[in-house]
Every structure is written in C-alpha cells, then in structure tokens.
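Subject: Structure handover

Hello,

Please find the structure below. My notes on it follow.

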Amino acid sequence: MSQQWNIEFRSSYTRKRTTAQVSAGRDCVLGSDSGNEVVLEGQDVQPQHARIAIAENRPAIQPIDKASVSLNGQPISAVTHLSDGDWLGLGATLFQVRFLEDDLSEPTVPTTKGSTPFAGAHEQPPSPPERDTLIIGRLPTCDLAIASPLVSREHARLLCDPSGVTLEDLRSTNGTFINGSG
C-alpha cells in the first residue's frame with residue numbers, strides 16, 4: 001500500500017505556504033533552488049538544504065551536507081520524525097509543519113482507526129510546558145536556539161503566566177521587535 005502525506009510548510013516570516021506530497025519510497029529535496037521538489041525561501045536556506053521522506057510510516061527530515069536544521073529549537077543531524085505543528089528551522093528561517101487532508105484545506109493529524117501513528121499526536125491537548133520562562137538566543141543551550149548572526153547569544157526571554165505572555169529583550173545587539181515595534 002502506497003502511503004502519501006500532504007505536508008504544508010508555512011514561513012514564520014512571510015506566512016507563505018508551500019505544500020508537498022511525500023510518498024513512501026521517494027524522498028523530496030527542500031531548499032531554495034527552483035529545481036527542488038519543495039522550494040522554501042528564507043535567510044540562510046541553502047539551495048539543497050534537507051530531504052523529507054517517509055520513515056517507519058511517518059514523515060521524517062534529514063539535513064543535507066551538514067546544513068543547519070533544527071526541529072522545535074533543537075539542532076538535528078540525522079533522520080528525525082516530524083509531527084503536525086512542529087517548527088522546522090532551515091538556517092535562520094522557521095517554518096511551521098502542518099499535515100493536511102487530501103484536499104489540502106485543513107491541517108490534521110492522520111490516523112488509522114484504532115491507532116495513532118505518531119508519538120507526537122495527542123487525542124487530548126498536550127500538557128502545558130513545565131517551565132514558564134523560555135530563553136531565545138543563538139547559544140545551543142537556549143530553550144529556542146536560532147542559528148543566525150542577527151540573534152544574540154541570549155537574545156530575549158518569553159515569560160508566560162496566567163495574565164498572558166511577555167517578551168523581554170535581554171540587552172541584545174539588534175533589539176527585539178514584535179510586529180515591527182521594539
């Protein structure tokens with residue numbers, strides 16, 4: 001049985017959506033080159049940046065030639081499974097990964113009756129994060145590591161509490177902005 005996945009990559013910067021059909025037994029190259037199966041543009045996205053394929057009945061990604069790839073803020077260097085809603089970093093550009101139905105209209109987590117094919121899929125909403133503070137920066141020890149020369153080592157702090165979310169600049173070189181306001 002041939003397994004096919006419709007996957008959307010949504011740029012966090014431009015909000016542009018790029019979709020790909022990934023089938024078992026065939027990998028797709030992601031990158032900025034117009035000849036790729038999946039063309040993704042952004043800062044530091046290499047012409048051939050990563051491969052996406054079906055591994056163990058789930059979509060998985062693998063960097064090409066030591067390209068900078070992260071998944072949910074963690075650098076990866078080998079085949080790594082994707083889940084619906086993951087944040088994929090190619091260079092300094094983030095893309096949200098969404099699994100789509102055949103008509104490519106609404107994101108879903110595909111399931112087979114009686115089973116859940118993904119470790120990341122939840123029948124109930126995921127539990128809230130254990131920590132209420134996240135550090136964003138270039139250091140690999142940050143909670144959300146972003147490999148970009150424009151990002152300071154420890155750039156900003158996200159504080160989450162019952163009243164909402166606050167973003168605090170940590171005296172970064174280039175500043176921290178929300179919708180263009182610093």
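In which sense do strands β3 and β5 pair, and over how many bridges? β3 (residues 28–31) and β5 (residues 50–55) are antiparallel, with three bridges between them. Strands here are DSSP runs (E, at least two residues), numbered from the N terminus, and two strands pair if DSSP finds at least two bridges between them.

On sources: this is a predicted model, in which local features need pLDDT of at least 70 and side-chain atom pairs count only at pLDDT 80 or more, while totals for chains, interfaces and linings use all residues. Residues are numbered from 1 along each chain as its sequence is written, and side-chain values use heavy atoms, with hydrogens and water left out.

Strand β3

Core

Leu30 is also among the residues with the most contacts inside the largest nonpolar core, as are Ile7, Phe9, Ile52, Leu88 and Leu90. This core has 23 residues; a nonpolar core is a set of buried Ala, Val, Leu, Ile, Met, Phe, Trp, Tyr and Cys residues joined through side-chain atoms within 4.5 Å. Elements giving two or more residues to it include β1 (4–11), β3, β5 and β10 (87–90). Leaving aside neighbours within four places in sequence, Ile52 is in contact (heavy atoms within 4.5 Å) with residues including Ile7, Phe9, Cys28, Leu30 and Leu82.

Open sheet

Four strands form an open sheet of mixed pairing in the order β13-β12-β14-β15. Its edge strands, β13 (144–145) and β15 (164–169), each pair on one side only. β14 (residues 156–161) and β15 are antiparallel, joined by six bridges, and Leu159 has Thr166 of β15 as its bridge partner.

Pocket

The largest pocket has a volume of about 1,500 Å³. A pocket is an open set of points on a 1 Å grid over the protein atoms alone, where a 1.4 Å probe fits, with protein on both sides within 12 Å along at least five of seven lines; lining residues have an atom within 4 Å of a point. The volume is the space filled by probe spheres set on the points, which are joined across faces, edges and corners. Of the 39 lining residues, Ser12, Tyr13, Leu94, Ile146 and Phe177 are the closest to the centre. β11 gives the most to the lining, with three residues.

Regards

How values were computed. Buried means under 20% relative accessible area, exposed over 50%, partly exposed in between (1.4 Å probe, protein chains only).
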